[in-house]
Amino acid sequence: MPSGNKTKLSFATRSVHAGYDSADNQGSLNPPIYMTSTYTFDNVAQGAGRFSGDEPGHFYSRISNPTQEVLETRLANLEEGEAALATASGMGAISATLWTLVGPGDQVLVDKTLYGCTFSFMEHGLKKFGVDICYADFTDHADVKAKLSDKTKVVYFETPVNPNMRVIDIAAISALAKGHNTDIKVMVDNTYCTPALQRPLTLGADLVVHSATKYLGGHGDLIAGAVVGDAETIQQIRLFGLKDMTGAVISPMTVFLILRGIKTLQLRMERHCQNAQAIAEMLEAHPGVDQVFFPGLKNDPYHEIACKQMDDFGGMIALELKGGYEAGVRMLNKLKLAKLAVSLGDAETLIQHPASMTHSVYTLEERAKHGITEGLVRISAGLEAEVDIIADLEQALAE
Ligand code: 4LM
């Protein structure tokens, strides 16, 4: 199928086919895994032309690889962007992109709550090199407006936010940033949703980043990332952020696994969403539970905005138990089916305690300031039967 065909075929069909034509590969149904570090040239001029991009073909696998190219075309297609770059991890995508876009004296305006290592990269990484990191509450548009400045180069957020499930209005934040300065790049971490549920580029964002380790791969067997956006910026990230600054190159074997995962992305997301909705409703009615954070609940403060920008409410839930931290630990230690582990988006239901695990790089004071409570428990609803996950949670919650 023509790989540039973005909207004619449905999402599920493009997840299976986009970017690959078996007719070009001796009829091989699946793309060959090109295990090669380098590529040969017919002559010097061809090598030089490949490096400069004037000649088609590949130069060296720290820059590009034919298997990786299939994944990049597929991701760009699904996110409705012009181009994509696959990387060795989600942090590889985030760091390669930000190293490319900002320098000393520039400001990155970020939502106050971020995945722990993204926070650490901003706070301990970029800051060390003279980049100003400014935090705002992105659910408070007046706060965002007040903090946009002449120095703002990038506006960065996740939605829903890891781990507390706030939902940020992508169209409204993009409009605010562009209204301030059209050169500002709006960057959205779409890991929690994937393009099966949310497509930030169609809502005004410039760049989407992913931890492909999660739902895109979908099986808990790899680490990978990606960034999607306009062709010019993606090329800059490839040739500087990836090639020179991070070297966070994805393996062709990993690419193959992600392509396999993406074929079932929509099917899996449907089940993740169904299971999460059922879990959230059970928890909401449970006497031991103080609060459930899940945008699919009708009285969730973010329900309306989630309905506007998401096709479904996702597979992630956060909760606070009535007994706070101690009750949370008691429950986590009693789980039998659900696995106590960081990461998310796998077939297995995964549960963890953000304050001591995914968000432990924040200090206690930083967690309080950035909206991560000590008793918060995070659930990634898996693909098991709803009834079994709920039974496990109920037995773990029982006094
Ligand atoms: C976790 N998350 O939350 P790599 N963006 C988001 C993420 O949740 C993550 C990354 C980027 C978790 C990992 C332990 C929203 C990771 C970073 O791990 O570098 O692929 O992605 O449990």
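Helices (H or I, at least four residues) and strands (E, at least two) are DSSP runs, numbered from the N terminus.

I note that this is a predicted model, in which local features need pLDDT of at least 70 and side-chain atom pairs count only at pLDDT 80 or more, while totals for chains, interfaces and linings use all residues. Residues are numbered from 1 along each chain as its sequence is written, and side-chain values use heavy atoms, without hydrogens and water.

I then traced the open sheet: five strands in the order S8-S9-S12-S11-S10, with mixed pairing (two strands pair if DSSP finds at least two bridges between them). S8 and strand S10 (339-340) are the edge strands, each pairing on one side only. I found S8 and S9 paired in the antiparallel sense over four bridges.

I turned to H14 (residues 386-397), where Ile389, Ile390, Asp392, Leu393, Ala396 and Leu397 are buried (under 20% relative accessible area, 1.4 Å probe, protein chains only). Seen down the axis of H14, the buried residues fall within an arc of 160°, so they line one face of the helix; the arc is that of the directions from the helix axis to the C-beta atoms.

Lastly, I recorded that strand S2 (residues 107-111) and S3 pair in the parallel sense over five bridges.

Technical notes:
Buried < 20%, exposed > 50% of the residue type's maximum accessible area, 1.4 Å probe, protein only.
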